[in-house]
Amino acid sequence: MGVVIEREEWALTPLAYPLLSAASLAAVLLLPYFSPPSYATAAASPSSHSPFDVGTTPFLRFRRGFLFVFSLASVAEGIHSVFGEDEFARCGLGREQMAARLAAAAAAVLFLGGLSGVVSDKLGPRQACIFYWMLQLAVGALKSFSGLRCAWISNLISALASSMFYFCFETWFVVEHEKQGQKQDLLFDSFWLMTFFESMSLLGSQGITNLLVNDDDKGFLLPYAFAALLSIVGLLYIRKNAPSTTHHASVIGSYQKSFFAHVFRDKRVLILVLAQASIHFSMSAFWFLWAPTIVADGRDAQLSLIFPCFLASRMFGSASFPWFYGTTAPFQNEDSLTIAYVTVGIALSIVAYDYQDIGTLVILFCIFHACVGFILPSLARLRTMYLPNELRGGMMSFSLGLANAAIFIFLMQGSYHQNIANSTILGFAACGLLVAGGCIHMLRRRRKHTRQDTRSL
């Protein structure tokens, strides 16, 4: 008599999607009614109650165009990463080969990515964004053909483009914001809007990929061709509409001297470097390990339905950011950021403890993404306070380089040589987040009395 093995499938509750969406929508729509009076006076019109309509008309026009291009870049990033490990599996690559490809990409970003930040600071944000779109166009064109989808050059270019994604657009927006002489609070609002739109665009990229996915045997992959088309649109928009203003580091002296003075010799900026590196490493560790962690107990789960909840949680976290800074905020920004780092560190610590209940893991990963959505704009705000804009790209690429060095080591030792367990990698990421939270707490003690003093370096 044969033995029938029943496969148990875990299903996500349908209430998760409307609850997360309603929470994010409420955080955005209710913000103007609970904000200090200065928020309303900065609006374009007294009757405006939307955070999207704050600022002068030229600034609003620029920010809307910027968010449009930034959303296109986020969709392209999402299309290139939506398949994840399945993309390598379809190419016939084993575990060791996948780890070797990913480790090579991390090594390339470690060296070339650090130089890209310095080059971005020297050439200006407009040229850096144009170079980013050219890399995205090259990746989309190469991966459009199934025979080149898993080529080494495609993975290397894609990793380099992803490493430039944050600092290129953030530097471009900050430079244009200062050029127009807008209030600093409008810049801080734009930081959380960037994270919010990025998460929303990543959700859209999931749906676009599902609609355009076709049979690999046809030899031409529509999702990557669409990403290449988005790259052309973004490239043309920047060349036509972005101002050709270049802010060289020579304004504050030679780049090397300025970088050593404002990054290596400033303990506040070094703390931000460590904090950025820790959150980037934990996000990469999550991307590699979340799927095998959820299905580790042998049950099946529809991962494609779970991942949108993580992105929705990230949207909620970014929409919660403006509620925790300003004159009416319950905590100082450093205090709120410390709490977020400690919370996300504890969440990953529980996951690293080898907890296997899928429902609990999903909740912990949602907490992780909600904290990430809050941490990213908070770090951007602190970078604006403590770092000259002329060094922003170099500082961010340096912090990403530290994270990629750790990623390279763990990919080689954990996935390739199989000497390190997945729980150890998550535990290391949790420790890094907790240490970063402690460093952010120390940063509050080093903060000067006024924001104006901290920004004038």
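Which residues is alanine 429 in contact with, leaving aside its neighbours within four places in sequence? They are Phe281, Ser282 and Leu348. Alanine 429 sits in helix α16. With a relative accessible area of 1%, alanine 429 is buried. Leucine 348 lies 81 residues from alanine 429 in sequence, yet their C-alpha atoms are 7.5 Å apart.

## Overall architecture

This is a predicted model. The protein chain has 17 helices and two strands. It runs to 457 residues, of which 53% count as buried. Take the contacts with a separation of 6 or more: 82% of them join residues 24 or more positions apart. The accessible surface comes to about 20,200 Å². Carbon and sulfur atoms hold 65% of that surface.

## The nonpolar core

The largest nonpolar core has 122 residues. Phe169, Phe310 and Tyr341 have the most contacts inside this core. Helix α14, residues 358–386, gives the most to the core, with 17 residues.

What does phenylalanine 310 touch, not counting residues up to four places away in sequence? Its partners are Phe286, Trp290, Ile294, Val362, Phe365, Cys366 and His369.

## Helix packing

| Helix pair | Axis angle | Axis distance |
|---|---|---|
| α6 (residues 125–143) and α9 (residues 222–241) | about 160° | 8 Å |
| α6 and α7 (residues 152–179) | roughly 150° | within 8 Å |
| α1 (residues 16–29) and α12 (residues 303–320) | roughly 20° | within 9 Å |

Start with α6 and α9. Their axes meet at an angle of about 160°, which makes α6 roughly antiparallel to α9. The cut-off for that label is an angle over 145 degrees. α6 passes α9 in a left-handed crossing. On the α6 side, the residues that meet α9 are Arg126, Cys129, Ile130, Trp133, Met134, Gln136, Leu137, Gly140, Ala141 and Lys143. On the α9 side are Tyr224, Ala225, Ala228, Leu230, Ser231, Ile232, Gly234, Leu235, Ile238 and Arg239.

Next come α6 and α7. Their axes cross at roughly 150°, and α6 and α7 are therefore roughly antiparallel to each other. This crossing is left-handed.

How do α1 and α12 run, roughly parallel or roughly antiparallel? With axes crossing at roughly 20°, α1 and α12 are roughly parallel to each other. Their crossing is left-handed. From α1, the contact is made by Ala16, Tyr17, Leu20, Ala23, Ser24, Ala27 and Val28. From α12, it is made by Leu305, Ile306, Pro308, Cys309, Ala312, Ser313, Met315, Phe316 and Ala319.

## Cysteine 129

Cysteine 129 belongs to helix α6. Is cysteine 129 buried or exposed? Cysteine 129 is buried, because its relative accessible area is 0%. It is among the α6 residues that meet α9. Leucine 235 is 106 residues away from cysteine 129 in sequence, but 8.1 Å away in space, C-alpha to C-alpha. Leucine 235 is listed on the α9 side of the helix pair. Not counting residues up to four places away in sequence, cysteine 129 touches Cys168, Phe169, Trp172 and Ile238. One of these, Phe169, is also named among the residues with the most contacts inside the largest nonpolar core.

## Phenylalanine 62

Phenylalanine 62 is found in helix α3, residues 57–81. Why does phenylalanine 62 count as buried? Its relative accessibility is 12%, and buried means under 20%. Histidine 177 lies 115 residues from phenylalanine 62 in sequence and 9.2 Å away in space, C-alpha to C-alpha. Phenylalanine 62 touches Trp172, Phe173, Glu176 and Gln180, not counting residues up to four places away in sequence. Trp172 is also touched by cysteine 129.

## Isoleucine 420

Where is isoleucine 420 found? It is in the loop between α15 (392–416) and α16 (422–446). Isoleucine 420 has a relative accessible area of 21%, so it is partly exposed. Phenylalanine 410 lies ten residues from isoleucine 420 in sequence. The two are 7.5 Å apart in space, C-alpha to C-alpha.

Note on methods:
Residues numbered from 1 in each chain as written. Predicted model: local features only at pLDDT ≥ 70, side-chain atom pairs only at ≥ 80, totals over all residues. Heavy atoms only, no water. Helix = DSSP H or I, 4+ residues; strand = E, 2+ residues; numbered from the N terminus. Buried < 20%, exposed > 50% of the residue type's maximum accessible area, 1.4 Å probe, protein only. Contact = heavy atoms within 4.5 Å. Areas by Shrake-Rupley, 256 points an atom, 1.4 Å probe, with all protein chains shown as cover. Core = buried A, V, L, I, M, F, W, Y, C linked by side-chain atoms within 4.5 Å. Axes fitted to C-alpha atoms, helices over the stretch in contact; angles between N-to-C directions. Parallel < 35°, antiparallel > 145°, perpendicular 65-115°, else oblique. Left-handed = near helix turned anticlockwise from the far one by under 90°.
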